[in-house]
Amino acid sequence: MSDTGAVYAWVEIGGVEVGFHPVDDERNPRGGSPVVYWGVDDVDQVQERLLAAGCEHHRGPLTVEPGRRIAQLRDPFGTVIGIEGP
């Protein structure tokens with residue numbers, strides 16, 4: 001559940017997990033690109049690597065449920081990408 005009460009949806013099919021993020025006009029506005037989340041072993045470490053590689057901070061890390069965190073970054077082309085993991 002988000003801080004606004006909206007519910008995240010996670011679907012796992014054939015070992016691939018897809019997360020659906022609720023629309024949020026302030027942080028993820030309607031009409032923006034979908035946020036694709038990549039599963040990682042260490043959110044903090046991967047976030048630092050992406051920032052060093054030219055991405056910009058967008059949001060997070062946030063704890064979305066116990067043991068599960070997300071962060072969002074904007075790549076050099078303006079696309080928001082997500083990472084998810086512990």
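**Briefing: a one-helix, six-strand fold**

Of the 86 residues in this protein, 34% are buried. What you have here is a predicted model, and it contains 1 helix and 6 strands. Going along the sequence, those elements come in the order β-β-β-α-β-β-β.

**Overall picture**

- Among contacts with a separation of 6 or more, 43% are between residues 24 or more positions apart.

**The β1–β2 hairpin**

- Strand β1 covers residues 9-13 and strand β2 covers residues 16-20; the two run antiparallel and are joined by 5 bridges.
- There are 2 residues between the strands of this hairpin, and glycine 14 has a positive phi near 60°.
- Valine 11 sits in strand β1, and with 35% relative accessibility it counts as partly exposed.
- Leaving out residues up to four places away in sequence, valine 11 touches Val16, Glu17, Val18 and Phe20.

- Val11, Ile13, Val16, Val18 and Phe20 make a nonpolar surface patch of about 450 Å².
- Both β1 and β2 put at least two residues each into the nonpolar patch, with β2 giving the largest share at 3 residues.
- Phenylalanine 20 lies in strand β2 and is partly exposed, its relative accessible area being 47%.
- As background, side chains in a regular strand alternate between the two faces of the sheet.

**Salt bridges**

- The count comes to 3 salt bridges.
- In general, side chains of opposite charge can pair when their charged atoms come close.
- One of the salt bridges pairs arginine 69 with aspartate 44, with 3.0 Å between the closest N and O atoms. Arginine 69 is in strand β5 and aspartate 44 is in helix α1 (residues 43-52), so this pair ties together parts that are 25 residues apart in sequence.
- Aspartate 44 is partly exposed, at a relative accessible area of 37%.
- Arginine 68 also forms a salt bridge with glutamate 84, where the closest N and O atoms are 2.9 Å apart. Since arginine 68 belongs to strand β5 and glutamate 84 to strand β6 (residues 80-85), the pair ties together parts that are 16 residues apart in sequence.
- Glutamate 65 forms a salt bridge with arginine 68 too, and here the closest N and O atoms are 3.9 Å apart.
- Put together, Glu65, Arg68 and Glu84 are linked in a network of salt bridges.
- Glutamate 65, by contrast, is partly exposed because its relative accessible area is 37%, which is not under the 20% cut-off for buried.

- Glutamine 72 is part of strand β5, which spans residues 68-74.
- Is glutamine 72 buried or exposed? Glutamine 72 counts as buried, because its relative accessibility is 1% and the buried class takes anything under 20%.
- The side chain of glutamine 72 has a polar contact at 2.7 Å with the side chain of tyrosine 37.

- The peptide bond from glycine 60 to proline 61 is cis, with omega near 5°.
- Proline 61 is placed in strand β4 (residues 56-65).
- Glycine 67 is in the loop between β4 and β5, and at a relative accessible area of 64% glycine 67 is exposed.
- What does glycine 67 touch, not counting residues up to four places away in sequence? Glycine 67 touches Gly85 and Pro86.
- Glycine 67 and glycine 85 are 18 residues apart in sequence, and C-alpha to C-alpha they are 7.7 Å apart in space.

Technical notes
Residues are numbered from 1 along each chain as its sequence is written. This is a predicted model: local features need pLDDT of at least 70, side-chain atom pairs count only at pLDDT 80 or more; totals for chains, interfaces and linings use all residues. Side-chain values use heavy atoms; hydrogens and water are left out. Helices (H or I, at least four residues) and strands (E, at least two) are DSSP runs, numbered from the N terminus. Buried means under 20% relative accessible area, exposed over 50%, partly exposed in between (1.4 Å probe, protein chains only). A polar contact is a pair of N or O atoms within 3.5 Å; within protein, one must be able to donate a hydrogen and the other to accept it, and residues adjacent in sequence count only if both atoms are side-chain atoms. Contact means heavy atoms within 4.5 Å. Two strands pair if DSSP finds at least two bridges between them. Patches are made of residues with over 30% relative accessible area and no salt bridge: like charges are joined within 9 Å, nonpolar side chains (Val, Leu, Ile, Met, Phe, Trp, Tyr) within 5 Å. Accessible areas come from the Shrake-Rupley method with a 1.4 Å probe; for residues, only the protein chains shown count as cover. A salt bridge is a side-chain nitrogen of Lys or Arg within 4 Å of a carboxyl oxygen of Asp or Glu.
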